[in-house]
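Take a moment with the model, then read on.

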Amino acid sequence: MVLYTCADGKSFGGLPGPMAHPCGRAAKALDDAGYEYEWKKVKGGTLKFWTWPSRARDRAEIEQLSGQRAVPILVLDGGEVITGSGPIASWVAENPPPVPATAS
Ligand SMILES: N[C@@H](CCC(=O)N[C@@H](CS)C(=O)NCC(=O)O)C(=O)O
């Protein structure tokens, strides 16, 4: 499983509702659930105007995986791609990680 975030990473994921940084919110949902995952950061962002010239390049992998340029996206081991902090948080809530055999 791979979580793609912006360069600001997992920051401010715990802030309430619309104030939460989307990438941070997705990471917090995975971390709080105890998921282990690969984490990749992509450059650029619409709010970062100085990155506009390299946008296509910066977000090419995201566009190839999800058909759009925004992060966070979560790529599951089976190849399914979940786009957006809300759908990712919902997926985690509906699919808690399996309890390791040793824990039971
Ligand atoms: N509603 C979306 C918002 C996602 C969003 O705005 N992500 C930023 C990074 S934090 C982004 O990639 N924006 C589009 C862009 O910069 O191209 C969500 O909650 O996931």
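Predicted model: local features only at pLDDT ≥ 70, side-chain atom pairs only at ≥ 80, totals over all residues.

The phi angle of F12 is near 55 degrees, a positive value in a residue that is not glycine. As background, most residues other than glycine have a negative phi, and most peptide bonds are trans.

P72 itself is found in the loop between α3 (60–66) and β3 (73–75).

V71 also brings us to the ligand. There are 13 residues around the ligand, and those that come nearest are T46, R55, R59, V71 and S85.

| Protein side | Ligand atom | Distance |
|---|---|---|
| R55, polar side-chain atom | oxygen | 2.9 Å |
| V71, polar backbone atom | nitrogen | 2.7 Å |
| S85, N or O atom in the side chain | oxygen | 2.6 Å |

On its own, the ligand has 500 Å² of accessible area, and the protein covers 67% of that.

Where does the ligand sit? Its place is in the largest pocket. The volume of this largest pocket is about 300 Å³. The lining has 15 residues, of which C6, G45, T46, L47 and R59 are the closest to the pocket centre. Six residues of the lining are nonpolar, four are polar and five are charged.

Two names tie the site together: T46 and R59 are among the residues that come nearest to the ligand, and T46 and R59 are also among those closest to the centre of the largest pocket.

Terms used
Residues numbered from 1 in each chain as written. Heavy atoms only, no water. Near = heavy atom within 4 Å. Polar contact = N/O pair within 3.5 Å; in protein donor to acceptor, adjacent residues only side chain to side chain. Areas by Shrake-Rupley, 256 points an atom, 1.4 Å probe, with all protein chains shown as cover. 1 Å grid on protein atoms, 1.4 Å probe; cavity = no way out; pocket = protein on both sides within 12 Å on 5 of 7 lines; lining within 4 Å. Sits in = over half its atoms within 2 Å of the grid points. Points joined across faces, edges and corners; volume = space filled by probe spheres on them. Nonpolar A, V, L, I, M, F, W, Y, C, P; charged D, E, K, R; others polar. Helix = DSSP H or I, 4+ residues; strand = E, 2+ residues; numbered from the N terminus.
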